[in-house]
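I opened a notebook page for this model and put down what I looked up. The entries follow in the order of looking.

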Amino acid sequence: MEDRIIVDCILKDGKKNLFSLIVKNYGGMVFSRAIGITKNTEAAKDVTQQTFIRAFTRLNSWNGKELGPWLAAIAAHQALNLLEKEKRKTTMELGNRPIPDEDYSEEHEQRLQRMEQAIAQLPQQDQDIIRLHYYKKVKTDEIARQLNLSHANVLVKLHRIRERLKKQLQNEYN
C-alpha cells in the first residue's frame, strides 16, 4: 500500500490502526538514523519512539509522496534535541559543583602572562577571534558574523591559532 493511501485512510477514514504499517515499513530506517546520531542503542530506541509519536500527531502536515524522508528528518531533529538536552543536563550538573578554592601559584601566573604575550604577537584578526571565543564566550557563528568570515573559516582559524600558540609556548619551555 502506498504511503499516501495509508495516510489518507488514517486521516480521512479514522483507521488509526494502519499507522502500524508505517512503523513496520520505516522503523528500521528511523532507528538507523537515530543510532547514527546518538551512538547509543537505548537513546536510539527512545528517539525512534518519539519520532513515530511526533509523526502520528502531525500526520496531517505531511504532504509528500513517501514518508521516509519526512520521518528521517523528524528522527534527526529528535536525536539532536536529545543530545542537546543531555549536554545541558551535564553542564548543569557540572555547574552545581563547588569550585575548588585554589590560590594561583607563581608558576601558573607566569604561564598566563606568557600566553597573553603570545596572543599579543598574533595578527589583529587572530587576537580578535581568540578574545571573542575564549574571553567573551562568543559562539563561532557569531564571531563569523562579526568579523565577516565564514563559520568554517573561523573554525579553521581557531584550530590554527591554537596550534601556533601551543608550538610557541612549547618552544619557550625548551
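At what angle do the axes of helix 1 and helix 2 cross, and within what distance do they come?

**Ground rules.** I am working on a predicted model, where local features need pLDDT of at least 70, side-chain atom pairs count only at pLDDT 80 or more, and totals for chains, interfaces and linings use all residues. Residues are numbered from 1 along each chain as its sequence is written, and side-chain values use heavy atoms, with hydrogens and water left out.

**Entry 1: helix 1 against helix 2.** I looked up the axes first. Those of helix 1 and helix 2 (residues 19-38) come within 9 Å and cross at roughly 150°. I took helices as DSSP runs (H or I, at least four residues), numbered from the N terminus. The axes are lines fitted to C-alpha atoms over the stretch in contact, and the angle runs from 0 to 180 degrees between N-to-C directions.

Next I listed the contact, meaning heavy atoms within 4.5 Å. Helix 1 brings Asp-3, Ile-6, Val-7 and Ile-10, and helix 2 brings Phe-19, Leu-21, Ile-22 and Tyr-26. By class I noted seven nonpolar residues, one charged and no polar. The classes are these: Ala, Val, Leu, Ile, Met, Phe, Trp, Tyr, Cys and Pro are nonpolar; Asp, Glu, Lys and Arg are charged; the others, Gly among them, are polar.

**Entry 2: Val-7.** I stayed in helix 1, where Val-7 has its place. Is Val-7 buried or exposed? Val-7 counts as buried because its relative accessibility is 0%. The cut-offs are under 20% relative accessible area for buried, over 50% for exposed, and partly exposed in between (1.4 Å probe, protein chains only). Leaving out residues up to four places away in sequence, I find Val-7 touching Ile-22, Leu-59, Trp-62 and Leu-67. I also checked Asn-63, which is 56 residues from Val-7 along the chain; their C-alpha atoms are 9.7 Å apart.

**Entry 3: salt bridges.** The rule I used asks for a side-chain nitrogen of Lys or Arg within 4 Å of a carboxyl oxygen of Asp or Glu. How many salt bridges does this rule give? The count is seven.

- Asp-8 with Arg-4: the N to O distance is 3.4 Å. Both residues lie in helix 1 (residues 3-13), four residues apart, about one turn of the helix. Asp-8 is partly exposed at 24% relative accessibility, and Arg-4 is partly exposed at 27%.
- Arg-88 with Glu-84: the N to O distance is 4.0 Å. I place both in helix 4 (residues 67-95), again four residues apart and about one turn. Arg-88 is partly exposed at 44%, as is Glu-84 at 36%.
- Arg-145 with Glu-142: the N to O distance is 2.6 Å. These two sit in helix 7 (residues 140-147), and because they are three residues apart, about one helical turn separates them. Arg-145 is exposed at 59%, whereas Glu-142 is partly exposed at 27%.

**Entry 4: helix 3.** Helix 3 (residues 41-57) has 17 residues and reaches 24 Å from first C-alpha to last, close to the expected 24 Å. The expected span is 1.5 Å times one less than the number of residues. Which residues of helix 3 are buried? I find Ala-43, Ala-44, Val-47, Thr-48, Thr-51, Phe-52 and Ala-55. Seen down the axis, these buried residues fall within an arc of 165°, so they line one face of helix 3. The arc is that of the directions from the helix axis to the C-beta atoms. On the face turned away from the buried side I noted the exposed residues Glu-42 and Thr-57.

**Entry 5: helix 6 and positive phi.** Helix 6 has 12 residues and reaches 15 Å, close to the 16 Å expected. Its buried residues are Asp-126, Gln-127, Ile-129, Ile-130 and Leu-132. Just after helix 6, Lys-137 takes a positive phi of about 55°. Lys-137 is in the loop between helix 6 (124-135) and helix 7 and is exposed at 64%. Asn-148 also has a positive phi, near 60°. Asn-148 belongs to the loop between helix 7 and helix 8 (151-173) and is exposed at 72%. I looked these up because most residues other than glycine have a negative phi.
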